Amino acid sequence: MNRQAQAAVLFLTGAALLHAGFTNLYLRYVKAGLQPLLLLSGGVLIAAALATVWYEWRGRRENRGDGHGHDHGDGHVHREPRVSWLLVLPLLALILVAPPALGSYSAMRTGTALQQPYGYNRLPASGPLDLTVVDYASRAVYDHGRSIDGRQIKVTGFVALDRSGSPYLVRMALNCCAADAQPVKIALTGTIPPVLQPDKWLQVSGTYTAKQTKDPVNNGPIPYFRVTAATPVPTPKDPYDESWNN
Amino acid sequence: MAITKAAPTGADSHEPVRGAPQPEEPTKVGQDNGSQDHGKQDSKSPLVLTMLLLLLVLLQGPIRGALSAPVMQSWMTVFVAVLVQALPFLVLGVLLSAAIAVFVPASFFARALPKRPVLAVPVAGLAGAVLPGCECASVPVAGALVRRGVTPAAALAFLLSAPAINPIVLTATAVAFPRNPEMVLARFVGSLLVACVMGWLWQRLGRTDWLRPPERPHYEGQSKGAAFWGSVRHDVMHAGGFLVIGAMAAATLKAVAPASWLRTAAENPLVAILALAILAVLLSICSEADAFVAASLTQFSLTAKLAFLVVGPMIDLKLFAMQAGTFGRGFALRFAPATFALAIAGAVLTGAVLL
């Protein structure tokens with residue numbers, strides 16, 4: 001790969017990182033806290049591309065000006081190995097495809113990652129509760145539903161179906177990037193909508209039930225949720241649960 | 001690969017940097033910049049790149065269709081995620097390495113590190129604590145240290161310890177194991193121990209010709225700016241390409257391999273340690289996040305989890321690819337298995353004492 005092509009790849013990679021960082025695209029792949037670093041590295045890559053073009057151009061002009069004294073800046077030296085071409089792949093994946101956040105396929109292949117929390121936030125004394133999947137699951141399993149029993153609850157997550165077709169509401173929890181994302185699952189019971197599309201985001205309303213099951217993948221606990229109503233909702237800005245990062 | 005350059009102009013631009021290990025065979029000198037026969041093809045690379053991009057934009061529809069299968073989507077998401085997450089740290093490491101190569105005189109390291117390599121190894125290992133990043137940052141920095149004349153044994157100790165013992169990673173470990181604070185100490189001690197032993201081992205057994213002298217243009221005679229950006233460009237293109245290979249391997253494992261075999265492995269304590277060590281190599285998770293994954297492997301013993309945390313930052317698929325790119329394939333093939341074996345031994349030993 002010669003210098004011009006390298007400059008082009010560096011520039012496009014930097015621009016793709018900036019694009020992902022300025023839109024919410026990056027939240028599909030990494031934690032929110034990485035945004036400043038992402039923008040910074042995008043800027044550095046673009047600067048490296050511009051510097052490459054600048055020194056290349058200046059080198060050529062010098063070579064023309066003073067005969068051929070210097071060999072730097074001459075496009076035939078310092079070529080990078082062919083492995084550099086691979087950098088085109090993530091570029092294409094990010095610009096052309098922009099794959100979605102991890103969904104039901106990964107969720108059903110991985111065991112629930114529910115862990116006992118350090119403690120529970122205080123809930124409002126009255127009115128319906130708006131809980132995350134992780135919050136509901138940990139209160140149901142480790143607090144035996146004490147703080148939520150008998151309350152009207154709303155939970156938002158995406159739908160996943162196991163092999164027998166039983167529905168789960170899932171949220172992927174993430175620590176750094178999607179490679180370490182792990183699902184937390186709630187099994188649904190009660191009035192479930194007749195047709196459920198995997199990966200579609202739902203807000204379910206209903207109540208706590210003491211029923212539990214085990215995740216067949218890792219024997220982790222999966223609490224049930226009694227559904228009274230379900231409404232489709234758009235994919236949230238940050239599709240992952242990042243509460244473990246705090 | 002190794003073909004002597006015929007063009008006389010290239011000869012003086014490839015003198016290894018002062019103090020760097022000299023290549024045994026002079027034929028290796030022209031390795032990086034390709035030989036005469038594919039020089040012709042390389043001059044067309046902007047054209048090839050443009051054609052490739054155009055073709056892909058035109059074929060967007062069918063390609064999207066083929067990629068919409070859940071396995072492919074999940075593969076692509078993890079692939080992109082590993083790269084988006086690693087690139088900022090790679091860029092950080094590359095900037096640091098360029099700064100070392102251009103602005104820090106070689107004499108600084110001669111003064112900062114003890115003269116005797118036996119002592120330089122633990123000092124360099126401890127110095128790893130100040131590089132706030134994950135393993136992607138440490139490979140280019142270690143490469144720059146070798147080029148700057150730091151004894152390879154010390155640079156390798158730094159390479160192995162930096163991603164595991166810096167404050168960010170240790171804090172993440174403490175957060176992930178709230179009930180086992182001894183895990184943080186065990187990780188620190190175990191990783192530093194393995195890094196130093198590997199450094200001393202290299203000192204005793206290592207041969208300079210295993211370590212490909214990192215080839216690159218020397219920067220004397222260029223302005224500092226040109227040298228700095230030249231180094232940044234070279235390192236990003238080079239290490240980045242290998243990072244892509246590692247990301248592909250990790251994504252394949254995550255999307256295709258079944259997770260249920262882990263449950264069987266957890267039953268036998270020895271198999272459990274080996275299984276998590278291998279998992280750490282295959283998953284190639286960033287060292288800032290691996291503690292959380294280890295914590296979620298609830299069926300496994302603490303020592304097995306420690307093996308996961310000690311092995312992962314030192315050797316994994318992504319790192320192997322990047323080390324092969326920076327130090328040469330011959331080096332990586334010898335260094336990686338030794339690191340793997342020693343890291344497991346170190347983790348078991350530390351686990352027996354501390355956990």
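Domain bounds here come from an automatic or database domain assignment. By that assignment, chain A holds domain 1 (3-96) and domain 2 (104-245).

## Basis and confidence

This is a predicted model, in which local features need pLDDT of at least 70, side-chain atom pairs count only at pLDDT 80 or more, and totals for chains, interfaces and linings use all residues. Residues are numbered from 1 along each chain as its sequence is written, chains are lettered from A and ligands numbered from 1 in the order in which they are written, and side-chain values use heavy atoms, with hydrogens and water left out.

The predictor gives the complex an ipTM of 0.89 and a pTM of 0.76. Chain B has an average pLDDT (the predictor's confidence in each residue, from 0 to 100) of 79, and 83% of its residues score at least 70. Helices are DSSP runs of H or I with at least four residues, numbered from the N terminus. Residues 1-41 of chain B have pLDDT below 50, yet this stretch has 57 contacts in the model beyond near neighbours in sequence; contact means heavy atoms within 4.5 Å.

## Chain B against chain A

The contact involves 78 residues of chain B and 74 residues of chain A. About 6500 Å² is buried between the two chains, 70% of it from carbon and sulfur atoms. Buried area is the accessible area (1.4 Å probe) that two parts lose on being put together, summed over both. Of the area that chain B buries against chain A, 11% comes from Trp229(B), Arg233(B) and Met237(B), more than from any other three residues.

Between chain B and chain A there are 5 residue pairs in polar contact (both at pLDDT 80 or more). A polar contact is a pair of N or O atoms within 3.5 Å; within protein, one must be able to donate a hydrogen and the other to accept it, and residues adjacent in sequence count only if both atoms are side-chain atoms. Elements giving two or more residues to this side of chain B include helix H5 (70-103) and helix H12 (224-256). H5(B) gives the largest share, 19 residues.

## Between the domains of chain A

The centres of domain 1 and domain 2 of chain A, taken over C-alpha atoms, are 42 Å apart. Their contact takes 7 residues from domain 1 and 11 residues from domain 2.
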